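Work through the exercises below with the sequence and the structure at hand. Each task is followed by a worked solution.

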Amino acid sequence: MNLIAHATLSWELFKDKKLTKDDANLLLIGSIIPDVCEFGIVDERQSHEKGLEFFKYLNNKNYYFGLGVILHGDRPRALDWYGHQYIAGKHQEISKIINDYKKCIGNLSQEWAAHIITEFCFDHLILQKDKTIPKRIYAALQNPKVESAIIDFANFFEIDKKHLKALRKIIRSKHFYKFLSNFSTIKGTAHSFRDFIFYKGVRDKNNSHLIKKLRRVTQSSLDFFRAKILDRPLVTLFERCTELVKIDCDQFILDVNVILRNMIKANKL
Ligand SMILES: [Zn+2]
């Protein structure tokens, strides 16, 4: 889940096009929405592989939202597909570091932890380039055009009303904004990771209502701040992994930028 990278990359792709505010908002949210699968609201393969079908379903309505969904996914090959290749290339080195901090990853498998940690370090580094992205995402979510595009997304991917309501609450919550803006520092990134594994643990253990789960995650954040816990080993783990990702993440973004431009042309979008 690379929300910051998805939003930044699609922003970069169209920054010279001088999009209207509505279109820019649609593009931003379209490029992150496929990851609502993390909340168990939609099937991951569907939201990551049916971008072209969804784009056609929109029939030129909310064009940039549909394009954002395509730019996110695995089919046609877009950011997630290439991102996962990148993560696989880092796996061995990141795993070696995790070995020194096994207690920090809770019940996560080492393989899954390496995946998430690489993604989170990546988002931390990307956010250094443009720290306004979390604010822009949050503002875009208040746009009525985006709201109607999310309903199109829910209809196409057969998300029921109850889950749609929960989804709206989650993405408009201050907690979601906090989750995104935390990536501006390494400590914050480590904190978001802690929240994420807590959430995953809750999600995998029971099927209680989504909002209840979110409240529990928020509670964990509050406890974290109240107790002023400085989880030093976890922060060090992130510092060391960030150094590894730093080596080539800029080059990766440049390469993918070119690839995505070609993909847009090849699919006549
Ligand atoms: Zn994704």
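Predicted model: local features only at pLDDT ≥ 70, side-chain atom pairs only at ≥ 80, totals over all residues.

Residues are numbered from 1 along each chain as its sequence is written.

**Exercise 1.** State how many helices and strands the chain has.

Solution. The chain has 15 helices and zero strands; helices (H or I, at least four residues) and strands (E, at least two) are DSSP runs, numbered from the N terminus.

**Exercise 2.** Determine how H4 and H5 are oriented to each other.

Solution. Step 1: helix H4 spans residues 51–58 and helix H5 residues 63–72, and they pack at an angle of about 175 degrees with axes 8 Å apart. Step 2: angles over 145 degrees count as roughly antiparallel, and H4 and H5 are therefore roughly antiparallel to each other. Step 3: Gly51, Leu52, Phe54, Phe55 and Leu58 in H4 meet Gly66, Leu67, Val69 and Ile70 in H5. Residues are in contact if their C-beta atoms, placed from the backbone, lie within 7 Å.

**Exercise 3.** Decide whether Leu167 is buried or exposed, and list the residues that Leu167 touches.

Solution. Step 1: Leu167 lies in helix H10 (residues 161–172). Step 2: Leu167 has 20 other C-beta atoms within 10 Å and is buried, the cut-offs being 20 or more for buried and 12 or fewer for exposed. Step 3: leaving out residues up to four places away in sequence, Leu167 touches Val36, Phe39 and Ile41. Step 4: Leu167 and Phe39 are 128 residues apart along the chain, yet their C-alpha atoms are separated by 8.3 Å.

How values were computed. Axes fitted to C-alpha atoms, helices over the stretch in contact; angles between N-to-C directions. Parallel < 35°, antiparallel > 145°, perpendicular 65-115°, else oblique. Contact = placed C-beta atoms within 7 Å.
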